[in-house]
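Here are some notes to go with your first look at this protein.

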Amino acid sequence: MIKIYGMNTCPDCIAVDKHVEGDNRYEIIDIGSHIKYLKEFLHLRDNNSVFDDAKKHGYAGIPCFVLEDGTVTLSPKEAGINLNETPAASCRLDGSGC
């Protein structure tokens, strides 16, 4: 099962969540719903170089995907999700992205 870490207030996460709704290959984890999920995500973010560019540019790094083999990626496509639309980008502090 592919884990998707995100928040229900993130436009990019909402788009991904809608796309995988009802698909049992994916587990959606809302990091804002419980501190344990936030801690899981922060552990990934603090210890994985895939987040280096996101941190450098002020992105939160969500949605984040943990593939079945343990690979961590920020790419929906690498998680088997092909979004037809371009998700909104408004989660950064400056309003330019998540």
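The points below go from the overall layout to single residues.

1. First, some ground rules. This is a predicted model, where local features need pLDDT of at least 70 and side-chain atom pairs count only at pLDDT 80 or more, while totals for chains, interfaces and linings use all residues. Residues are numbered from 1 along each chain as its sequence is written, and side-chain values use heavy atoms, with hydrogens and water left out.

2. Now the layout. The protein has three helices and four strands, and from the N terminus on they run β-α-β-α-α-β-β. Helices here are DSSP runs of H or I with at least four residues, strands are runs of E with at least two, and both are numbered from the N terminus. Buried residues make up 32% of the 98 residues; buried means under 20% relative accessible area, exposed means over 50%, and partly exposed is in between (1.4 Å probe, protein chains only). Of the contacts with a separation of 6 or more, 54% are between residues 24 or more positions apart, a contact being heavy atoms within 4.5 Å.

3. Next, the sheet. Four strands form an open sheet with mixed pairing, in the order β2-β1-β3-β4; two strands pair if DSSP finds at least two bridges between them. β2 and β4 (72-73) stand at the edges with a single partner strand each, so one side of each has no neighbour in the sheet. β1 and β3 run antiparallel and are joined by three bridges.

4. α1 lies across β1, β2 and β3, at about 150° to β1. α2 lies across β1, β2, β3 and β4, at about 100° to β1. For these angles, axes are lines fitted to C-alpha atoms, for helices over the stretch in contact, and angles run from 0 to 180 degrees between N-to-C directions.

5. Which residues of α1 are buried? In this helix (residues 11-20), they are D12, C13, A15, V16 and V20. They cover an arc of only 160° around the axis, which puts them on the same side of α1; the arc is that of the directions from the helix axis to the C-beta atoms. As background, an α-helix has 3.6 residues a turn, so residues three or four places apart point the same way. The buried residues of α1 pack against β1 (2-6), β2 (26-30) and β3 (64-66).

6. While you're on α1, take a look at H19, which lies in this helix. H19 is partly exposed, at 41% relative accessibility. Leaving aside neighbours within four places in sequence, H19 is in contact with I81, N82 and L83. H19 and N82 are 63 residues apart in sequence, yet their C-alpha atoms are 8.5 Å apart in space.

7. Another one is the cis peptide bond from I62 to P63, with omega near -5°. P63 is in the loop between α3 and β3.

8. How many aromatic pairs does a search of the whole structure find? It finds two. Rings of Phe, Tyr and Trp (its six-membered ring) pair if their centres lie within 6.5 Å; planes under 30 degrees apart count as stacked, over 60 as edge-to-face and the rest as tilted. Y5 and F41 form a tilted pair, 6.4 Å centre to centre with 40° between the planes. This pair links Y5 in strand β1 with F41 in helix α2 (residues 35-47), 36 residues apart. The rings of F41 and F51 have centres 5.8 Å apart and planes at 85°, so this pair is edge-to-face. F51 sits in the loop between α2 and α3 (52-56), 10 residues from F41. Y5, F41 and F51 form one aromatic cluster. Y5 is buried at 4% relative accessibility, F41 at 3% and F51 at 0%.

9. Finally, the charges. Side chains of opposite charge can pair when their charged atoms come close. The count comes to one salt bridge, defined as a side-chain nitrogen of Lys or Arg within 4 Å of a carboxyl oxygen of Asp or Glu. The side chains of R25 and D23 form this salt bridge, at 2.5 Å from N to O. R25 is partly exposed, with a relative accessible area of 48%, and D23 is partly exposed too, at 22%.
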